[in-house]
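Please study the sequence and the structure before working through each solution.

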Amino acid sequence: ALAPFRTVLRVDALAATEAEMVATDPEQWVRLLGTVLELRGPHAVAVWAGTAAGKAGLLNVLDAAWRVRLPQTGAVLDTLASTASDKAVAKAARKAAYKLRSAR
């Protein structure tokens with residue numbers, strides 16, 4: 001449960017490799033970005049999102065992220081929708097947030 005916090009702190013201390021920042025699935029991606037949101041704020045989420053998505057690609061992860069049933073899922077998607085500089089990413093995040101709200 002504390003792994004995302006450890007990752008953020010290792011990145012801050014410049015001790016983490018890029019591979020440590022990559023999430024293996026959408027749930028881990030949401031957990032990591034939820035931690036980034038909590039510790040570093042909304043603009044850091046947009047910076048971390050692409051790296052955390054890894055080779056899967058940010059748009060693909062966003063397409064699956066709305067299915068993750070964690071308390072921070074909505075906050076991560078809404079934050080990314082409002083802070084992403086790439087219009088396609090912001091649109092995909094808004095779409096995922098809408099699907100999440102509709103599924104509840």
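**Exercise 1. State what covers the buried residues of H3, and which residues these are.**

Step 1. The cover of the buried residues of H3 includes H1, helix H2 (18-21), H4, helix H5 (58-65) and H6. Helices (H or I, at least four residues) are DSSP runs, numbered from the N terminus. Contact means heavy atoms within 4.5 Å.

Step 2. The buried residues in H3 are Trp29, Val30, Leu32, Leu33, Gly34, Thr35 and Val36. Buried means under 20% relative accessible area, with a 1.4 Å probe and protein chains only.

Step 3. The basis of these values should be noted. This is a predicted model, in which local features need pLDDT of at least 70 and side-chain atom pairs count only at pLDDT 80 or more, while totals for chains, interfaces and linings use all residues. Residues are numbered from 1 along each chain as its sequence is written, and side-chain values use heavy atoms, with hydrogens and water left out.

**Exercise 2. Determine how H1 and H3 are oriented and which residues meet.**

Step 1. The axes of H1 (residues 3-12) and H3 (residues 26-40) come within 9 Å and cross at roughly 60°. Axes are lines fitted to C-alpha atoms, for helices over the stretch in contact, and angles run from 0 to 180 degrees between N-to-C directions.

Step 2. H1 and H3 are therefore oblique to each other. Angles under 35 degrees count as roughly parallel, over 145 as roughly antiparallel, 65 to 115 as roughly perpendicular and the rest as oblique.

Step 3. From H1, Pro4, Phe5, Thr7, Val8, Leu9 and Asp12 meet Arg31, Leu32, Thr35, Val36, Glu38, Leu39 and Arg40 of H3.

**Exercise 3. Determine how H4 and H6 are oriented and which residues make the contact.**

Step 1. The axes of H4 (residues 42-53) and H6 (residues 73-83) come within 9 Å, crossing at roughly 85°.

Step 2. H4 and H6 are therefore roughly perpendicular to each other.

Step 3. Pro42, His43, Val45, Ala46 and Ala49 of H4 make the contact with Thr79, Leu80 and Thr83 of H6.

**Exercise 4. Decide whether Thr73 is buried or exposed, and name what Thr73 touches.**

Step 1. Thr73 lies in helix H6.

Step 2. Thr73 counts as buried because its relative accessibility is 0%.

Step 3. Leaving aside residues up to four places away in sequence, Thr73 touches Val30, Ala65, Val68 and Leu100.

Definitions and conventions: Helix = DSSP H or I, 4+ residues; strand = E, 2+ residues; numbered from the N terminus. Buried < 20%, exposed > 50% of the residue type's maximum accessible area, 1.4 Å probe, protein only.
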